[in-house]
Amino acid sequence: MISELKMALVMVRNGNKTTMLSDVCFEGKSPDILCEKNLTNVYVEVTKLNENPYISEKIITYLRDFLSIYSYRVDVRLKYDLSVPQALGEERRKQNALVETCIEKFDSTFKNSTFSTFPFEIDTDHMVFEIHKIDYGNGYPGIITSECIKVPERDLREYVKYRLLNKAEKRTEFTGVHRTYPYILAFDCEQEFIGADDLDRLLYGVDSSIPIISSTFPPSEKQKLEIWRDNKFKTVLDSKKQEIYWKEIDDAKKDGWNEFLLEKGIIPNNYEYRLDEGLFLSESLMKNVSGVLFKDKFGKVFFFPNPFCFSEINNPYLEKILFNENNQSN
């Protein structure tokens, strides 16, 4: 509900008349929000990717109470299993259980220890508690740090993909006039490891380019490299035109998306292109989606229009209608 309110606020700030819809306003599944602007009605469906605040909150709450009768500051270092961000509920429950187990082990070890030197460490398998003596007053929790890790970006992207496809499928149950309203997926992301660039690659494909030829090369060498570059780019363009998705790209171009497709490198140009097809092209369910509204961990808002959605919800000017550029970061 909080995420729905956040996204409704984004729409209101951009001048849209915004109505929160109940879960029973349709006979079947219904969207979360109706927006109206310039005679255009748009449905918005909200989904969310949580951060993992339960780890630090649980530790701080426990330590604040536990240390109230001691004169110690306790810093905590999370090991790998508690440093990795998780999206799936089951994995998050496992992390939560690990936190509880570590707290119980710390509690028992602390009460049975005689501290002779400081800082004193208590290792509880998945986190390390570092105890510092303070001169006076009640104790308190110090800093909580995570182990340096490689974020499982592929797993997070797969989860984002799953959530988007799940919400895209909802429109298949719409009937009548409801199917003529553009359908936007609003993604409220609290994970700092997923950003707008990740959504761009996920939705439109991984971007690539042929290296620029430096002007410092000798003229003869520069000419050879330019010929190589032009031949390689022609190969890329010819290859793209042979792919099964090219007709959809060509149709979108005719429907008013040409400038956007060039800007995104979906139509290769200026030696830039996409290595693969993103969700908008490769997943048939995403034809139900007019665009994705993305709000990142830091509150910035981005809109990713879908040039390849069904014709009745396809509008190259939808972003200009719904969003004022000056308010995009609100």
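Mentor: Buried means under 20% relative accessible area, exposed means over 50%, and partly exposed lies in between. Please keep in mind that this is a predicted model.

Trainee: What makes the contact of Glu283 and Lys161 a salt bridge?

Mentor: A side-chain nitrogen of Lys or Arg has to be within 4 Å of a carboxyl oxygen of Asp or Glu, and the side chains of Glu283 and Lys161 meet at 3.4 Å, N to O, so the pair is a salt bridge. Glu283 lies in the loop between helix H9 (279–282) and strand S11 (291–295), whereas Lys161 lies in helix H5 (residues 153–169), so the pair ties together parts that are 122 residues apart in sequence. Lys161 counts as partly exposed, with a relative accessibility of 23%.

Trainee: Why are Asp200 and Lys264 called buried?

Mentor: The cut-off for buried is under 20%; Asp200 has a relative accessibility of 12%, so Asp200 counts as buried, and Lys264, at 19%, counts as buried too.

Trainee: How do you know that Asp200 forms a salt bridge with Lys264?

Mentor: The closest N and O atoms of the two are 2.6 Å apart, and because the limit is 4 Å, the pair qualifies as a salt bridge. Asp200 lies in helix H6 and Lys264 in the loop between helix H8 (246–263) and strand S10 (272–274), so this pair ties together parts that are 64 residues apart in sequence.

Trainee: Which parts of the chain does the salt bridge of Lys48 and Glu190 link?

Mentor: The closest N and O atoms of Lys48 and Glu190 are 3.5 Å apart, and the pair links distant parts of the chain, with Lys48 in strand S3 (residues 40–49) and Glu190 in the loop between strand S8 (183–189) and helix H6 (196–204), 142 residues apart. Lys48 is partly exposed, with a relative accessible area of 26%, whereas Glu190 is buried, at 17%.

Trainee: How do you know that the span of helix H4 agrees with what it should be?

Mentor: Helix H4 (residues 89–111) has 23 residues, which at 1.5 Å a residue should span 33 Å, and because its end C-alpha atoms are 33 Å apart, the two agree. Among the buried residues of H4 are Val99, Ile103, Phe106 and Phe110.

Terms used. Residues numbered from 1 in each chain as written. Predicted model: local features only at pLDDT ≥ 70, side-chain atom pairs only at ≥ 80, totals over all residues. Heavy atoms only, no water. Helix = DSSP H or I, 4+ residues; strand = E, 2+ residues; numbered from the N terminus. Expected span 1.5 Å × (residues − 1). Buried < 20%, exposed > 50% of the residue type's maximum accessible area, 1.4 Å probe, protein only.
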